[in-house]
Amino acid sequence: MLVRNRVAGRALRLMPRKPQAAAALEAPPRPDPPMPLRGHATIVRQFERTGPAGLAHAYLFHGPRGVGKTTFARTLALTLHCERPTSFPLGYCGTCAACHRGLAGSSGDTLFVDDAFIASLDPSSERRVSGVNMDAAREVVRLMQLRSYEGGRQVCIIPRFDDITFDYVYNTFLKELEEPDAGKLFLLTSDRPERILPTIRSRTSQIRFAGLTEDEISSALVERYDVAPKRAATLARKAQGSLGDAIAMREEEGETLGEVTRRWALACLRTPRALPPMPPLGKDDPRGALDSILRHARTALRDCMVFAIAGESATFDRDALAEYRSTSAALGPNAAAVAADALALVTEAENIAVTNVSPATVLGWLQIQLRSVALARTADGSRR
Ligand SMILES: [Zn+2]
């Protein structure tokens, strides 16, 4: 059954999302300053021992996403260029001229090859950037061959290096990576290093970043993001080692909208004949609220489907186990299939939501559809 194939672990996170607005492809925004690194004490000590002079010419930082690989790379670059670093590898002062330039994203010595950089090379393209393409690879090599602007080491940071799809794009980097040059430093990051061409991988020093502990994640959320400690602990548990995921969840979940939406979406399936209260669209920004509601509904339904197929251990949102359990029980052997149908309906609703249909109509439509799908399935199962 199709549903079962799609359930394999984290693949579920790759459910289709709404296309990015074209505005995202305009002038590349300056990246935010890197966050203070959390955890990874062993790696920091290793670089302390190495010192700036002992650095390799190319590193591949690999490990789960959202654990600080790119943060480490960017902080290392700032520290290398800083005029008054307090320590190495993460001690840039933040106030000298080089730090100002680096933090403003205009350092002539650091090339940060993020999506915004790649998109800026072809502003006419409407396509969403995913990984370094041939144009970007050629431009990176060209820029790295220019002389260092600030007289220091030229650093090139390429996050998600494994997003490169074609071997010939990798091969563009081969020469740069196989001829160590004391004036250049490549910092590549990847959460799927096995996808990188082996000849490229073997030319880098590979450093493995492990997942963060729940304590590391929750303390970062409390100290940096002003999240209440109890909530931080819940997010940290759900994030499974990834601070990036925890931050994304915290941003995506309204304090209670996520819970209200989950209750509503599951109730539509569990008790389709009743009319569960709809999540509030509010008056200020109903379209924004609808976006959030649909996102929360997707998360809850996906989790509910995972619960139906693989049980508690595979469920992300541990706080909602009781709701998944009762929904699953109410739907019986059809639970996974109903949840899968419901997910497809959320996708449909997302597609309608980008048209000029009013948010209230979209939400009302989704409610009717979710209830019908549950009614049809349970009727199938019970009437013989
Ligand atoms: Zn500085």
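When the angle between two helices is given, each axis is a line fitted to C-alpha atoms over the stretch in contact, and the angle runs from 0 to 180 degrees between N-to-C directions. With that in mind, it should be noted that the model considered here is predicted.

The helices may be taken up at α10, which spans residues 229-239. Which of its residues are buried? They are Ala232, Thr234, Leu235, Ala236 and Ala239. The cover over these buried residues includes two other helices, α9 (214-225) and α11 (243-252). After α10 comes Gln240, and the phi angle of Gln240 is positive, near 50°.

Consider next how α10 and α11 meet. Their axes come within 8 Å and cross at roughly 125°. The crossing of α10 past α11 is right-handed. On the side of α10, the contact is made by Leu235, Ala236, Lys238 and Ala239, and on the side of α11 by Leu243, Asp245, Ala246, Met249 and Arg250. Sorted by class, this contact of α10 with α11 holds six nonpolar and three charged residues, and no polar ones.

The other neighbour to consider is α9. At what angle do α9 and α10 pack? The angle is about 135°, and the axes are 8 Å apart. The two helices are therefore oblique to each other, and their crossing is right-handed. From α9, the residues Glu214, Ile217, Ser218, Leu221 and Val222 meet Pro229, Ala232, Ala233, Leu235, Ala236, Arg237 and Ala239 of α10. The contact of α9 with α10 comprises nine nonpolar residues, one polar residue and two charged residues. Leu235, Ala236 and Ala239 of α10 take part in the contact with α11 and also in the contact with α9.

Attention now turns to the sheet. Five strands form an open sheet, in the order β2-β3-β4-β1-β5, with parallel pairing. Its edge strands are β2 (110-112) and β5, each of which pairs on one side only. From one strand to the next, the twist averages 15°.

Phe112 has Ile157 of β3 as its bridge partner.

Further along the order lies β1, which is placed between β4 and β5. Parallel to β1 runs β4 (residues 184-190), joined to β1 by five bridges; here Ala58 has Phe186 as its bridge partner. Strand β5 (residues 205-208) is likewise parallel to β1 and is joined to β1 by four bridges. Within β5, Arg208 is the bridge partner of His62.

Is β1 itself buried or exposed? Five of the five residues of this strand (residues 58-62) are buried, so β1 is largely enclosed by the rest of the structure.

Definitions and conventions: Residues numbered from 1 in each chain as written. Predicted model: local features only at pLDDT ≥ 70, side-chain atom pairs only at ≥ 80, totals over all residues. Buried ≥ 20, exposed ≤ 12 C-beta atoms within 10 Å, placed from the backbone. Pairing = 2+ DSSP bridges. Contact = placed C-beta atoms within 7 Å. Left-handed = near helix turned anticlockwise from the far one by under 90°. Nonpolar A, V, L, I, M, F, W, Y, C, P; charged D, E, K, R; others polar. Parallel < 35°, antiparallel > 145°, perpendicular 65-115°, else oblique.
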